[in-house]
Amino acid sequence: MNRRAITTAAATAGLVLVPTAAMAEYADPDALVASDATPVEGEPFEIVIATDDFEEVTLTVSSEDEDVPDGAIEIAGTASETNEVEDGEATFTVTLDEAGTYELVATGPNGELIDSATIEVVAAGDEDAQDDGDDSGVGGLPETGASSTPLVIGAAVLLAAGAGAMVFARSRQTQA
């Protein structure tokens, strides 16, 4: 009976960890780089996505602020654009016409997540919030992406519930 319990626990742990490994395969936290860490509203800046895994990359930009209209986001006139990867990079020119917080998501041709980031666009004339002119890359962009912590906690809860059910069933079996 203990062998069955150990085998079941191992199989459950394996099933929980499989999605975590799949997510880690595609997400590359250093793939998306902005030419300006704090772009100014209305001024174009470049987003470079580095990948050797895909021939095409789609960049989607969305605003976290409900007051910002979709028309304030321009990537070749749209809020999403697909470019071909040349020499391991796809380059996008983006113009965000309103100050606010925007989410940048880079995906492969079948929707595979390559990288994502959040960027803060500052109002024109707000010199205190603008970048100091360092065009070395993302700078202040936070790292974003999926965390495996909820999956691990969920697995632990499931394992504990299963162990409790097994103990309860055994105690009822020995009483009968």
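Student: Which residue in β8 is the bridge partner of Ala-106?

Tutor: The model is predicted, with local features requiring pLDDT of at least 70 and side-chain atom pairs pLDDT 80 or more, while totals for chains, interfaces and linings use all residues. Residues are numbered from 1 along each chain as its sequence is written, and side-chain values use heavy atoms, without hydrogens and water. Ala-106 lies in strand β7, strands being DSSP runs of E of at least two residues and helices runs of H or I of at least four, numbered from the N terminus. In β8, Ala-106 has as its bridge partner Asp-115.

Student: How many bridges join β7 to β8?

Tutor: Two strands count as paired if DSSP finds at least two bridges between them. The strands β7 and β8 run antiparallel. Their hairpin has 5 residues between the strands, and Gly-111 takes a positive phi near 85° there. The number of bridges joining β7 to β8 is 8.

Student: Is Ala-106 buried or exposed?

Tutor: Buried means under 20% relative accessible area, exposed over 50%, and partly exposed in between, with a 1.4 Å probe and protein chains only. Ala-106 touches Leu-32, Ile-49, Val-57 and Leu-113, among others beyond four places in sequence, where contact means heavy atoms within 4.5 Å. The C-alpha atoms of Ala-106 and Val-57 are separated by 6.6 Å, although the two residues are 49 apart along the chain. Because its relative accessibility is 0%, Ala-106 counts as buried.

Student: How many residues does the largest nonpolar core have?

Tutor: A nonpolar core is a set of buried Ala, Val, Leu, Ile, Met, Phe, Trp, Tyr and Cys residues joined through side-chain atoms within 4.5 Å. Ile-47, Ile-49, Leu-59 and Tyr-102 have the most contacts inside this one. The core's residue count is 25.

Student: Which backbone nitrogen does the side chain of Thr-51 reach?

Tutor: Thr-51 lies in the loop between β2 and β3 and is buried, with a relative accessible area of 8%. Beyond four places in sequence, Thr-51 touches Val-57, Val-85, Gly-88, Glu-89 and Ile-114. At 3.1 Å, its side chain reaches the backbone nitrogen of Asp-53.

Student: Where is Asp-87, the residue with a positive phi although it is not a glycine?

Tutor: The phi of Asp-87 is about 55°. Asp-87 counts as exposed, because its relative accessibility is 83%. Its place is the loop between β5 (80-84) and β6.

Student: What separates the C-alpha atoms of Asn-83 and Thr-58?

Tutor: Asn-83 is in strand β5 and counts as buried at 18% relative accessibility. Its contacts outside four places in sequence include Glu-56, Val-57, Ala-90 and Phe-92. Asn-83 and Thr-58 are 25 residues apart along the chain, and their C-alpha atoms are separated by 6.4 Å.

Student: What pattern does the chain follow along the sequence?

Tutor: The chain holds 2 helices and 8 strands. Of its 176 residues, 28% count as buried. Read along the sequence, the pattern is α-β-β-β-β-β-β-β-β-α.

Definitions and conventions. Polar contact = N/O pair within 3.5 Å; in protein donor to acceptor, adjacent residues only side chain to side chain.
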